[in-house]
Amino acid sequence: MPFIFLVIAAYGQIALAQTWTPTLAEKEVESGVPGIVASASGTVIEIGPGSGSQVSRYDRSKVTKIYGIEPTTTLHPKLRENIKKAGLSDIYTIIPCGIQDVDVLRKYGVDQESFDTVLTVQVFCSIPNPRETAAACWRLLKPGGQLVVYEHVKSHDFISSKVQALYNIIWPYALQGCYLDRDTAKTFREAGDWAKVDLYPPTKDDAWMVIPHIAGRLTKAS
C-alpha cells in the first residue's frame with residue numbers, strides 16, 4: 001500500500017475515535033438508536049463498541065452481563081471511561097479480540113449458543129469479513145435469542161448508489177475500512193436459520209441519502 005494511504009488509514013483510526021464516532025452518536029438520537037440499544041436483554045454481546053457511544057443507552061434492569069468485543073485497543077481507555085460513567089463497570093467486560101477469535105473468547109466464557117442478545121450498531125460497514133461475522137453472531141445466540149442491529153447500507157437509489165461508489169475510492173482509507181455500499185440486510189438474513197426477521201429498510205426520506213440505514217432484530221430459530 002502506498003505510504004500516503006498508510007498515513008490516511010492511521011489518521012482514520014484516530015478520527016473515528018475522536019470525531020466521527022461522537023458525531024454519529026449524536027445523530028443516532030434522532031434515529032431511534034437509543035431505543036434499539038435499550039431493547040437488549042439478558043446476557044449481551046456488543047460487537048465493536050468502539051469508544052462506548054452506546055453504553056449509556058442500555059436498560060440496566062434488562063441486562064445481566066455485557067461483553068464488548070473490541071479488537072482496537074486504542075479505543076479501550078475511552079470505552080472504560082464511558083462504561084464507568086454509565087454505571088456498568090460491574091457487568092461490562094471488554095474483550096480485546098475479534099468475534100472469530102474463538103480461543104480468546106472462550107477464555108472469557110464466551111461460547112456458542114450462550115447469549116440472549118447480540119448487538120451491532122454501525123460496525124458491519126467496516127469489519128473485514130461481514131458474512132463470517134454475521135454467521136458468528138448467529139452461532140453465539142441461544143435458540144430464541146435476538147440479533148439487534150442498526151447499520152448503514154447500500155443505497156438502492158440510482159444516483160445515491162453512484163455517489164457511494166465514488167466516495168468508496170477514498171472513504172475506507174479515511175474512516176478505518178468503512179464501506180458505504182455493503183448489502184448488510186442480506187448478510188444478516190443469510191447468516192443462519194431465523195424464526196423471525198424484523199428489519200426495517202430506509203424510510204422514504206432516508207432511501208435516497210448516501211448513508212441510508214436499516215434497523216431491527218432477527219430472532220434465532222428454536
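Which residues does Ile47 touch, not counting residues up to four places away in sequence? In this predicted model, Ile47 touches Ile69, Ile99, Val118, Leu119, Thr120, Val123 and Cys137, where a contact means heavy atoms within 4.5 Å. Local features were taken at pLDDT of at least 70 and side-chain atom pairs at pLDDT 80 or more, whereas totals for chains, interfaces and linings use all residues. Residues are numbered from 1 along each chain as its sequence is written, and side-chain values use heavy atoms, with hydrogens and water left out.

The protein has 9 helices and 7 strands, assigned as DSSP runs (H or I, at least four residues, for helices; E, at least two, for strands) and numbered from the N terminus. Of its 222 residues, 47% are buried, that is, under 20% relative accessible area with a 1.4 Å probe, protein chains only. Among contacts with a separation of 6 or more, 71% join residues 24 or more positions apart.

The structure holds 2 aromatic pairs, defined by ring centres of Phe, Tyr or Trp (its six-membered ring) within 6.5 Å, with planes over 60 degrees apart counted as edge-to-face. The ring centres of Tyr67 and Phe115 are 5.7 Å apart and the planes stand at 85°, so this pair is edge-to-face. Tyr67 belongs to strand E2 (residues 63–69) and Phe115 to strand E4 (residues 115–121), 48 residues apart; both residues are buried. Phe124 and Phe188 are also edge-to-face, because their centres are 4.8 Å apart and their planes at 70°. Phe124 lies in the loop between E4 and helix H5 (130–140), and Phe188, 64 residues apart from it, in helix H8 (residues 184–189). Phe124 and Phe188 are buried.

Two lysines lie over aromatic rings, with NZ within 6 Å of the ring centre and within 35 degrees of the ring normal. Lys65 is placed over the face of Tyr67, 5.3 Å from the ring centre. The charged end of Lys220 sits over the ring of Trp138, at 4.0 Å from its centre.

Key:
Buried means under 20% relative accessible area, exposed over 50%, partly exposed in between (1.4 Å probe, protein chains only). Rings of Phe, Tyr and Trp (its six-membered ring) pair if their centres lie within 6.5 Å; planes under 30 degrees apart count as stacked, over 60 as edge-to-face and the rest as tilted.
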